[in-house]
Amino acid sequence: MGPLYNNTSGYSVGQKSGSLFGHIDLVALGLYFALVLIGILSITSASYDPDVENIFSFRHNYMKQIMWAGIAWVMGLVILLLDRRYFHMFAYPSYILGIGLLVAVLLFGVKVNGAKAWFEFGGIRLQPVEFVKIATALMVARVMSDFSFNINRVRDLIKVAAVIFIPLLIIILQNDTGSGLVLCSFLFVFIREGLTKYLYFPMIFSVFLFIVSFIFTPVSIFVTLLVLFTIYSALKMGEVVSHVRFLALALLATLLLSLCTPLSGYASLMIVCGISALVLGAIAIKMRAMVLLWPIIMFVYAMLFVPTCDMLFSKLKSHQQDRILTYVGVKSDPKGIDYNVNQSLIAIGSGGVFGKGFMEGTQTKYDYLPEKHTDFIFCTVGEEWGFVGSSIVVLLYIALILRLMRMGERIKEPFGRVYCYAVAAILLFHVWVNIGMTIGLMPVMGIPLPLMSYGGSSLLASTLLIMIAIRLDASTEDQSIYFG
Amino acid sequence: MTNNSRGIKRYHRLQYVVLLAAIAILGRLFYVQIIDDRYEAMAVANIIRTDIEFPMRGEVLDRRGEYLIRSRVCYDVMVVTRDIPREGFDSVRLATILNISMEKLRRELRRAGSASRTPHLVAGYLSQEAKLIFDESNFKGFYTRFRTAREYPRQVGGNLLGYVSEVNNEHIRKWEYYSAGDYIGVGGVESAYETLLRGEKGISYHAKDTRGAIVGPYMNGELDVLPVKGTQLTSTIDGRLQEFAEHLMVGKVGAVVAIEPSTGEILVMVSSPTYNPDLMVGRQRNANFLEMTRNQRQPQFTRALKEHYAPGSTFKLVQGLIGLEEGVLTPGDKYPCHNGYTYGVGRNSRTMKCHSHSSPLTLRRAVAESCNAYFCYVFKDIITNPKYRNIKEGVRKWNEYVFSFGFGDRLGCDLYGESKGFVPTPEFYDKGYDGRWNWGTAISCAIGQGEMACTPLQMANLAAIIANRGYYYIPHIIKSIDGRDSIDSRFYERHYTKVSAHNFEPIIDGMWMSVNDDGTSRQAKLEGWDVCGKTGTAEHNRRDASGYRYPDHSTFLSFAPRNNPRIAISVYVEHGGFGSEIAVPIASLIEELYLTDTIKRQDMLQRVLNYKINYGYYDAKQRKYDQQHPKQ
């Protein structure tokens, strides 16, 4: 392990007193409470039913949410009172329990909106996937904080990948892919822990190719990549003239090939690119010029990946296809799957600078927008509080995420750091995807906005997730248990 | 670099990633909420309820000022299923008030349920009394929509006036004005003057509060548009005469068209069989419509405008006029006729038969007695006139004359769907006979047979032309719009034929003799009135399975009185036999009523009403249709 953090290095959180609550990060706690309260207000506005006379009646959604918040705070308090060693100890049992719950829900669960992801007890529905996030975060932290763990060693990498992919696979089987993809956000943690760029860069590049391959035709993607890589290599190697010659020659050859032979433009481009990649690759290896080799490898990868995408895509279920296509703008049917996004944009867009005021929003009142108090709760914020209000909410989330990362850095042992980063990653993914979908930046995936969306499972799980991070951070002084 | 400082570097990089995501979200929010102002308008559209108010549809008067089409108030009952209370409602009572069956109510509610927010029609044609009872009961989710239904005091002119129906998808696609649930005129006057009759729809906007309840007019009703009542039209039709003509044509297939020669106004237009226009209003409409489409005599088919008939002997008038104008015929010319006209040589020789009459005849007598041979000579002389280089030129010249009488093309009447008729041209014969033809090929045209085809409207127009001595106004059915003479200017233009006025006199003499001096039309004689007429007996090719040819079509063309004519009329009765048998009395009775306001010849009226026609042709067709399309 590296040297311990010095408390005077700027990462100090002030004077630590002896009591537990003196160590608690009040900024994170404050951000948490602010978001939960804004959430309850928004739920009140989005689903207030004036036919119910008693404003404290539990027929109101906001009263149910307040009840859930109360339960969550009690459990959060319990977490804060627990010894932090327990979390280290709980990692394995809770992970195994989580997997067990996922399997059980696959067998005995209730289907809601096409996903078999819910348990139902009486009138209360629970979504185990929310708790699996906590278990997986703890498990990842446990595995990665092992003394001998090295993320760039194949054996360790497989181990931590398995921790993520086992629950992910079961969640996909539940037909709840949207929730499952949250687990992919752990890549964020791996990058912090030093995952080699040779691994994460191809992953990000693949996701990028996957998305652009739906927006643009393969020919335009390849031509763009060809030009970009040539420019990159030219800048790196400093031989502009030869690169321009190469580019001109390649495009000319493609043109000639498509005009003089019965081959299509696409096929000609593929042939020219294939041949030049082989020749240039050979030259690069001979010259040992890695600067040249990397773009070539990436380009060849793109040539294989983009056509495969089309084939893969045809295997997706039609509603998943629709959602992705709607996102990239290929399919735009105002009465079809686009409907939610349109209505959500209308609600947020009509908010203007300052919004219409509490309970004054019209778009989030009737049934224009389904799931207006759950997945689309951000629309109420956008409509009633305008740009000012929605920016504040976004900034509160970003502040919480940055705070969690900072807490992770402050914790002097890997378990706490990895865990805090995992929570930050989960929050970032949820915020990005959920708010992104309400403003048309992301496809509709049906995942909630943590802390704000109506729903007991989500609120409870998010609370526990954050409280554990706060608890782990609260005792950074005491290192002995891990190294004793 | 230590492990720790590398970690710090990665930490800072990841902070940038988080900030980048924040910037992307905030940027997009800034664009959506502040820059792009489309969404405000769309939000407003979401909270406004738009109600369409239907105007009263324009009414139609006849030329004497009595209603042909009247509008009466009625209500549609609509439902918005999501507004129906969850605990249900008294559906039996609702069905009773609306006078519909429970099954129908259930069916409509099921259909409405598929789009629970949009209004759905439950039952139409609710009377004002029933509406009051309905309003008292206050069924939540149901409401009434004002509209008007058509009413026909004389119950005449089904296929002439057209009907009003809900728009279909094609109408909506074609015209921006219509949206689902609107009404549109179909056929006849309703369709021809749709844009005037429909008026302008009104629109009212209501603001909804956050619960979806109406709080009042949106923007104090500043944007509302009041409905504009449809325009009242005055028709050229004489309702009483139309009713009488339809009555005379009951049981007969054919058409009657009467025109006022001095204006081109259509007095009567009967396409028989027709139907009672009230059948196309009310809840039984669809059933009635279906029943009518099964009828092989086609009650919805406006024969007067659309059917192609051979004009028969009435066309001899045109041949005579052309002969005189071309100078190949003088009124004194005599041609022999011994029961027909023989042409061709040897084995190819043929005879066009004629009935027995004295021979030879002059032009006037030939018209009066309708001699076939006489007009064959005339026609041959016209088209083989040595003035023209060859037969083609001759036929072309003849065409020019015939076209000037309004044959071979649409007259341009204000009703839609006119047929052109057909006049054979040299090109037609060239094509049909491979260029090898002579005057004998075309000789059937001499007596209005062969390829000659025209509509009853064109025949009535011919009667008007002769009455006017050489010109006509385009026949039309609407004479004033909203009380003003603002109909299309084309109806005020005189169209001259290529025959000069003085050449009409010998022909009119012949027509007068046909009625008043022992001619074929003597039944049309009307005491005190100088009636002129010309009968026709048109042959056709309708045979039964055994080859028996059904009786000829009976036709008659007439105008009266001889000087300053007030009515020109054409009657065409399919399979009616000789022209004099049925077409003449029908036309004559209509003239009698129009000119004298009474019917003195009750025996003739009874004979027409009781006249039985052999419609074996249509009966066989109907039997075949019923066999192939059994009733559901």
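Trainee: In which loop of chain B does Arg469(B) lie?

Mentor: In this predicted model, Arg469(B) has a positive phi of about 60° although it is not a glycine. Most residues other than glycine have a negative phi. As for its place, Arg469(B) lies in the loop between helix 18 (456-467) and strand 15 (471-472) of chain B.

Trainee: Is Arg469(B) buried, exposed or partly exposed?

Mentor: Around Arg469(B) there are 18 other C-beta atoms within 10 Å. A residue counts as buried at 20 or more such atoms and as exposed at 12 or fewer. Arg469(B) is therefore partly exposed.

Trainee: What is the phi of Asn339(B)?

Mentor: Asn339(B) is placed in the loop between helix 13 (316-326) and strand 13 (340-343) of chain B. Its phi is positive, in a residue other than glycine, and is near 55°.

Trainee: Which residue does a cis peptide bond join to Ala560(B)?

Mentor: Most peptide bonds are trans. Here the bond is cis, with omega about -15°.

Trainee: Is the crossing of helix 4 of chain A and helix 5 of chain A left-handed or right-handed?

Mentor: The axes of helix 4 (residues 85-108) and helix 5 (residues 128-144) of chain A come within 8 Å and cross at roughly 145°. The crossing of helix 4 of chain A and helix 5 of chain A is left-handed.

How values were computed. Residues numbered from 1 in each chain as written. Chains lettered and ligands numbered in written order. Predicted model: local features only at pLDDT ≥ 70, side-chain atom pairs only at ≥ 80, totals over all residues. Axes fitted to C-alpha atoms, helices over the stretch in contact; angles between N-to-C directions. Helix = DSSP H or I, 4+ residues; strand = E, 2+ residues; numbered from the N terminus. Left-handed = near helix turned anticlockwise from the far one by under 90°.
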